[in-house]
Amino acid sequence: MASLGNQAVSKPASGKHGNVLPLWGNEKTMNLNPMILTNVLSSPYFKVQLYELKTYHEVVDEIYFKVTHVEPWEKGSRKTAGQTGMCGGVRGVGTGGIVSTAFCLLYKLFTLKLTRKQLMGLITHTDSPYIRALGFMYIRYTQPPADLIDWYDGFMDDDEELDVKAGGGCVMTVGEMLRSFLTKLEWFSTLFPRIPVPVQKSIDQQMKSRPRKVPQKEPQEQEEAYENHGRQGERRRSRSPRRTPTPRRSPKRSRSRSHHRDRHGPSYDRELERERERQRKEREARERDRDRADRERRRSRSAERNHQDRRERRRSRSGSRDKRSERKDKERDGGDDRNKRKERDHYRERPQERDRSREEKKSKGESDDRRHKDDRERHRDERKAKKSSRSRSRERRHKSGADDKGRKREASRSREKERDAELRSHKRSRSSERSHHQREASNDHSKHGDRRRSPSVE
């Protein structure tokens, strides 16, 4: 039950038993197969005729007049032969077809947003079992899985019969149909919405706890069944195609339909005219298909005849060609001997030509080797000359550098000597000047002393 929280469920405003129905799953697609939904929306029946129906009662009347089965596709409109896996007939992936009126009307009911009261009116309708079938199918597609058993509980043993297959051949009761809805995921060539595992387990337990009730037939019904069984045996013996009896509408239902028809007036006459036109168009289409098949057969037969004629012509031409080829072969036999002689001479000369080619190859190889050797020696000599020239230039550079260094050293030495000589001469001049000054000072001192002494003597 925890997985139900992940699905989108729109709850009714007035509780579980309110008049507004909840919607489980996708609120736009009604949980239908995408291919079926696209075919429904693109069908002219849904876009044109069902678009004019605006009320619940008009749709119910349309179901009564148009629906003859509850299969999603019309008979013979969908080819699933040779398809397996994901492209098989169950999933509806690989191919499409003509969608049935039942599913078009089912989606039309979904667009009307039925209330609980209207849905109860569908599943308890007394006019046609197909109205009830579409109501139960509406519940299976739109209602929460936990509420399915509550909806179907009172109808599990319903013995009203209906033919659910397109074209007839699959008659079942309403109770059997509902058990199939609850226990099986597939319905002909489509899939119902998946039921969560806990809910499915509880449904299976409830189904096992209540076995099916076998309806007890009255003696008149048993006699009729025995007669029907005998008639079916006679049909099998005569190898005639078997047709399953379809459920008949009661006269009470026909009276109610006539009441509806009188109430609505000319709209039902238009529908009947449309239905007749539709049947007429289908007959014309079948006749056209038959004419096309006949034309194709005639063409295939004419093509086979033309093919046989061509074969005969080719055979005759091949015979004449064989005779001509034999004559030419006889004429060529004389020239074959010459060709054989030429071939023998050619084969004899072959070993000599081989020896010549080998000798030529050897001579060419020797000359090539000599050329390679000469080239190598030349390269070696050139490399040696380049190396020697490089070494000489290096020596010259080295010598010139050494001479420059010696010259620089000598110049620096001469400069140092000149500086030393200048310093020495400068020192000498200073000493001579000092000595000269000292002499002058001493002379001045002596003269001054003599002057002092002379007045004292006087």
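**Buried serine, nonpolar core and salt bridges**

Modeller: S100 has 0% relative accessibility and counts as buried. This is a predicted model.

Colleague: Why is S100 called buried?

Modeller: Buried means under 20% relative accessible area. S100 is at 0%, so it counts as buried.

Colleague: Where is S100, and what does it touch?

Modeller: S100 sits in the loop between α3 (56-66) and α4 (101-111). Leaving out residues up to four places away in sequence, it touches H69, E71, P72, W73 and E74.

Colleague: What makes the approach of S100 to E71 a polar contact?

Modeller: The side chain of S100 reaches the backbone oxygen of E71 at 2.6 Å. The cut-off is 3.5 Å between N or O atoms, with one able to donate a hydrogen and the other to accept it.

Colleague: Which residues have the most contacts inside the largest nonpolar core?

Modeller: F136, M137, Y152, M177 and F181, in a core of 61 residues. Helix α6 (residues 129-142) gives the largest share of this core, nine residues. Beyond its neighbours within four places in sequence, F136 is in contact with I123, Y152, F155, V174, M177, L178 and F181.

Colleague: How do you know that R132 and E160 form a salt bridge?

Modeller: Their side chains meet at 2.5 Å, N to O. The limit is 4 Å, so the pair qualifies.

Colleague: What does the pair of R132 and E160 tie together?

Modeller: R132 lies in helix α6, and E160 in the loop between α7 (148-152) and β3 (161-163). The pair therefore ties together parts that are 28 residues apart in sequence. R132 and E160 are both buried. R132, D158 and E160 are linked in a network of salt bridges.

Colleague: How many salt bridges are there by this rule?

Modeller: Nine. One of them joins D294 and R297, at 3.8 Å, N to O. Another joins D375 and R378, at 3.9 Å.

Colleague: Where do D294 and R297 lie?

Modeller: Both are in helix α12 (residues 266-457), three residues apart, about one turn of the helix. D375 and R378 also lie in helix α12, three residues apart.

Colleague: What are the values for D375 and R378?

Modeller: D375 is at 33% relative accessibility, so it counts as partly exposed. R378 is at 55%, so it is exposed.

Conventions:
Residues are numbered from 1 along each chain as its sequence is written. This is a predicted model: local features need pLDDT of at least 70, side-chain atom pairs count only at pLDDT 80 or more; totals for chains, interfaces and linings use all residues. Side-chain values use heavy atoms; hydrogens and water are left out. Helices (H or I, at least four residues) and strands (E, at least two) are DSSP runs, numbered from the N terminus. Buried means under 20% relative accessible area, exposed over 50%, partly exposed in between (1.4 Å probe, protein chains only). Contact means heavy atoms within 4.5 Å. A nonpolar core is a set of buried Ala, Val, Leu, Ile, Met, Phe, Trp, Tyr and Cys residues joined through side-chain atoms within 4.5 Å.
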